[in-house]
Amino acid sequence: MVASSCTCCGIILYLINVCFLQLGNAFDPCYEYLTISNEEKRSPFYNFDLNNGIPISDERLTQDWYRIEMNTGSLIPNQSPGAFRCGTFYPIWLNGILPSVPKVQVSRPVCVQSTENDCFQTWNINIKFCCGNYLVYELRTSLVDKSAYCFGNVSSGFNVSENNDHTCYE
């Protein structure tokens, strides 16, 4: 009787361990993300109004995965947009290329642009290209006051098309 109860305990512990391992590997940022939406001021085409505006400031942004859903586009620009763009004093832009293959996740440097320097502060963010033709970004809290991530479809070498729905196979 003692041997069988120990066997049952061992089996139960094994099953609990397997379940936790599978749950731990189940996270996919393509399905579990926060959304930044309706913030068209984050566009590289938006000039910040020093007289009437309050700058977007991502030093209060929680580090997490984000999907961008805006009329101006969802891509982080990969060239400096210019100071006082993107609804802030100091725009944050991608110093690299976006992933273009479904299910691929990359780490890329971003730059904070100042009035004197295109890249005076830098750190890495993670970006994943998701099935369904969209990107998610693991954004970090900005280290610079009155700086914000810039988004709008101006990235060279990457094309988001609603007719280009990438098929993914598990």
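Colleague: How many helices and strands does the secondary structure of the protein come to?

Modeller: It comes to 1 helix and 7 strands. Helices (H or I, at least four residues) and strands (E, at least two) are DSSP runs, numbered from the N terminus. In that direction the elements run α-β-β-β-β-β-β-β. A caution on origin: this is a predicted model, where local features need pLDDT of at least 70, side-chain atom pairs count only at pLDDT 80 or more, and totals for chains, interfaces and linings use all residues. Residues are numbered from 1 along each chain as its sequence is written, and side-chain values use heavy atoms, with hydrogens and water left out.

Colleague: What order do the strands take in the open sheet?

Modeller: The 7 strands run β1-β2-β6-β5-β4-β3-β7, with mixed pairing. Two strands pair if DSSP finds at least two bridges between them. β3 shows both senses. With β4 it pairs in the antiparallel sense over 3 bridges. With β7 it pairs in the parallel sense, also over 3 bridges. W93 has C111 in β4 as its bridge partner, and I92 stands opposite Y149 in β7.

Colleague: Why do β1 and β7 stand at the edges?

Modeller: β1 (34-37) and β7 (147-149) each have a single partner strand, so one side of each is left without a neighbour in the sheet. From one strand to the next, the twist averages 35 degrees. That angle is taken between axes, which are lines fitted to C-alpha atoms (for helices over the stretch in contact), and angles run from 0 to 180 degrees between N-to-C directions.

Colleague: Why does C130 count as buried?

Modeller: Buried means under 20% relative accessible area, exposed over 50%, partly exposed in between (1.4 Å probe, protein chains only). C130 has 0% relative accessibility, so C130 counts as buried. C130 lies in strand β5. Of the 170 residues of the protein, 38% count as buried. In β3, 4 of the 5 residues are buried, so that strand is mostly covered.

Colleague: Why does K103 count as partly exposed?

Modeller: K103 has 39% relative accessibility, so it falls in the middle class. K103 sits in the loop between β3 and β4. Its phi is near 70 degrees, a positive value in a residue other than glycine. K103 and C130 are 27 residues apart along the chain, with C-alpha atoms separated by 5.4 Å.

Colleague: Why is K146 called partly exposed?

Modeller: At 30% relative accessibility, K146 counts as partly exposed. K146 lies in the loop between β6 and β7. K146 also has a positive phi, about 60 degrees, although it is not a glycine.

Colleague: What makes a set of residues a nonpolar core?

Modeller: The members are buried Ala, Val, Leu, Ile, Met, Phe, Trp, Tyr and Cys residues, joined through side-chain atoms within 4.5 Å. The largest such core has 23 residues, and those with the most contacts inside it are I76, I125, Y137, L139 and Y149. The elements giving two or more residues are β2 (64-69), β3 (90-94), β4 (105-112), β5 (121-130) and β6 (134-139). β5 gives the most, with 4 residues. Apart from it lies another core, of 5 residues, among them C30, C130, Y134 and V136.

Colleague: Which residues does I125 touch, not counting residues up to four places away in sequence?

Modeller: Contact means heavy atoms within 4.5 Å. Under that rule, with those sequence neighbours left out, I125 touches I76, V106, S107, R108, V110, Y137, E138, L139, R140 and Y149. With the same exclusion, C130 touches C30 and V136.

Colleague: Where does S74 lie?

Modeller: S74 is in the loop between β2 and β3. S74 and F151 are 77 residues apart in sequence and 5.6 Å apart in space, C-alpha to C-alpha. Leaving out residues up to four places away in sequence, S74 touches I68, Y137, F151 and N153.

Colleague: How many aromatic pairs does the structure hold?

Modeller: It holds 6. Rings of Phe, Tyr and Trp (its six-membered ring) pair if their centres lie within 6.5 Å; planes under 30 degrees apart count as stacked, over 60 as edge-to-face and the rest as tilted. Ring pairs link F48, F84, F89, Y90 and F120 into a cluster.
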